[in-house]
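Dear colleague,

I am handing over the structure below, together with notes on what was found in it. Please read the notes with the model open beside you.

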Amino acid sequence: MRIESIKSIRVPVSLVDPLRTSHGTHSNRIVSLVEITTSDGIVGWGEDVSPDGVSYVGDSASESFASLRMLADVVGKRTIDVAEMFSDTWWGIGGRHFAKHAIESALWDAHARANGVSLKNALGGTLELVTPGVVIGVHDSLDALEASVRLRLAEGYQRIKLKIQPGWDLVPVQHVRHIVGSTFTLQVDANAAYTPTNFDVLHQLQDFDVQFIEQPFVAGDLQSHAEFSSLTSTPICLDESIVNINDLMSAIEMNACRVVNIKPSRVGGLCDAIRMQEVAVSHGLDVWVGGMLETGVGRASCLALASRAGFTLTPDLSASNRYFATDVTEPFVLVDGRIAVPDSEGIGVSPLPWVFQHPDVKIETLFSA
Ligand code: MG
C-alpha cells in the first residue's frame, strides 16, 4: 500500500458524564482523528486516544500529536504491508504507541476498504454482537454512586467495572454488590492507586465476589502483583503494566496476573493487540478489550478487534451516549445489552459533517506525496 496523504483532524468535545479515576477526572477531550488517503484514493480513519490532563502510560495528548507529525512523515514515504505494522518494527522508532496506533488503525481501515471487507473480517473477527461492560468512576457519595449504577442497569449493561482508590473501595463495592445482586458481573479497577501496604484491604474484596482487581499497583511493579496474586483468590488483571509483548511475557513468567486488559492504543496497534491476545490465551489467561474514551472511530476498530474469538471477558466498549452527547460518527447504541459490530467495509463508520464544520476544528496535512 502506498500513501497519498495523511491529515490530522482535531476537534474539542465534552464528556456528558465526566469519568473520575485514581489518576484524575476526564471531563473534556480534543478528539484527534487521522485520515489516510492511499494512492488508490481509498480513505481510512484512525484515532489517537492519548489522554489529556490525566496521566496514564505513554505519551500525553500534546506529546502524541508531535509523534503523529513525525511518524506520518516516516510512514508516508514507504510501501506498507499493514499486517507487519507491529509497534516494535517502525523502522527503529520506539514508544509513541498512541500515535502508532492511530496511524496503524487508519491503515487497517484503508486496507479493509480496499479489499471490500469489514475490519472485523480483516482481523479474523466472528461475533456480530458484542456484550460490553460499563465503567463507573469514583463518586463523592454512596447515593451518587447508586444513582449511576441504577442508570447503567436501566440502560441494559450486564457488567459494571468500578473505579476504586484508597478510601473508596470496600464500602462502595459492598454497596454496589448489594444493588446488583449476587450473580451480576462486577469488577474493580484501581489504576495503580495501591501499594503492598494495602494487601489486607485488597484481599477483603474477595468477600464481594469481584471478577478481578485491575492494576492495583504501579505499572512497573510486577513483583507486588505476583505476590498479591499468590495470597488471594481474586484474579488480578493487568492494564498499565502491559505495554508490549515483553511485559506480557514477564507477567506470565512471574504469575503476576490471570487476566489482561488489551487496549490496542496502549500496546501500539491492532497487530500488537492480536499477537498479545494469542500469546495470553495460549498461556491460559483471560483477555478482553479495554477502552480509552474513544469516539465512534476508535470504538469501531475496538469492536472489530473484540469480535475475535478468544477474547473471553466483556470489553469496556460502552455505547456512544455513555461518553458523548454527539459522537463524531453515527452513534453506537446498546440494544438488549449488546452493540452490533459494524459489518460494512472497513470500520463501517466515518466522521460526520459537523466535525469539519465545528468552529474550533483544526485540520492539518501531516504528509503529502
Ligand atoms: Mg484500567
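Of the 369 residues in the protein chain, 57% are buried, where buried means under 20% relative accessible area, exposed means over 50%, and partly exposed lies in between, with a 1.4 Å probe and protein chains only. Please keep in mind that this is a predicted model, in which local features need pLDDT of at least 70 and side-chain atom pairs count only at pLDDT 80 or more, while totals for chains, interfaces and linings use all residues. Residues are numbered from 1 along each chain as its sequence is written, and side-chain values use heavy atoms, with hydrogens and water left out.

**The chain as a whole**

The protein chain has 12 helices and 13 strands; these are DSSP runs numbered from the N terminus, with helices (H or I) of at least four residues and strands (E) of at least two. Its radius of gyration is 20 Å, which agrees with the value near 21 Å that a compact globule of 369 residues would have; the radius is taken over C-alpha atoms, and the globule rule is 2.2 Å times the number of residues to the power 0.38. Along the principal axes, the C-alpha atoms fill a box of roughly 60 × 40 × 35 Å.

Among contacts between residues at least 6 apart in sequence, 73% join residues at least 24 apart, a contact being heavy atoms within 4.5 Å. The chain exposes about 14,100 Å², of which carbon and sulfur atoms supply 49%; accessible areas come from the Shrake-Rupley method with a 1.4 Å probe, and for residues only the protein chains shown count as cover.

**The magnesium ion**

Which residues are the protein donors of the magnesium ion? They are Asp-189 (OD), Glu-214 (OE) and Asp-239 (OD), lying 2.1 to 2.4 Å from the ion, and along the chain they follow the spacing D-x24-E-x24-D. Asp-189 lies in strand S7 (residues 185–189) and Glu-214 in strand S8 (residues 213–214), so this pair ties together parts that are 25 residues apart in sequence. Donors here are N, O and S atoms within 2.8 Å of the metal (3.2 Å for Na, K and Ca), and water is not among the atoms, so sites may look incomplete. Asp-189 counts as buried at 0% relative accessibility, and Glu-214 is likewise buried, with a relative accessible area of 0%.

**Two residues with positive phi**

Most residues other than glycine have a negative phi. Gln-215, in the loop between S8 and H7, has a phi near 40 degrees, a positive value in a residue other than glycine, and it is buried, with a relative accessible area of 0%. Asn-255 also has a positive phi, near 55 degrees, and is found in the loop between H8 and strand S10 (259–262); Asn-255 is exposed, with a relative accessible area of 57%.

**Helices to look at**

In helix H7 (residues 222–231), which holds Leu-231, the residues Leu-222, Ser-224, His-225, Ala-226 and Phe-228 are buried. These buried residues pack against helix H6 (199–204), S8, strand S9 (236–238) and helix H8 (245–253). Leu-231, by contrast, is exposed, with a relative accessible area of 52%. Leaving aside its neighbours within four places in sequence, Leu-231 is in contact with Phe-199 and His-203; the C-alpha atoms of Leu-231 and His-203, which are 28 residues apart along the chain, are separated by 7.8 Å.

Helix H11 (residues 296–306) is mostly covered, with 11 of its 11 residues buried; among them are Arg-299, Ser-301 and Cys-302.

Is Ser-64 buried or exposed? Ser-64, which lies in helix H1 (residues 61–76), counts as buried at 0% relative accessibility. Apart from its neighbours within four places in sequence, Ser-64 is in contact with Asp-48, Ser-50, Asp-59, Phe-98 and Ala-99.

Finally, Gln-174 is found in helix H5 (residues 170–180) and is partly exposed, with a relative accessible area of 44%. The C-alpha atoms of Gln-174 and Phe-208 are separated by 6.2 Å, although the two residues are 34 apart along the chain.

With best regards
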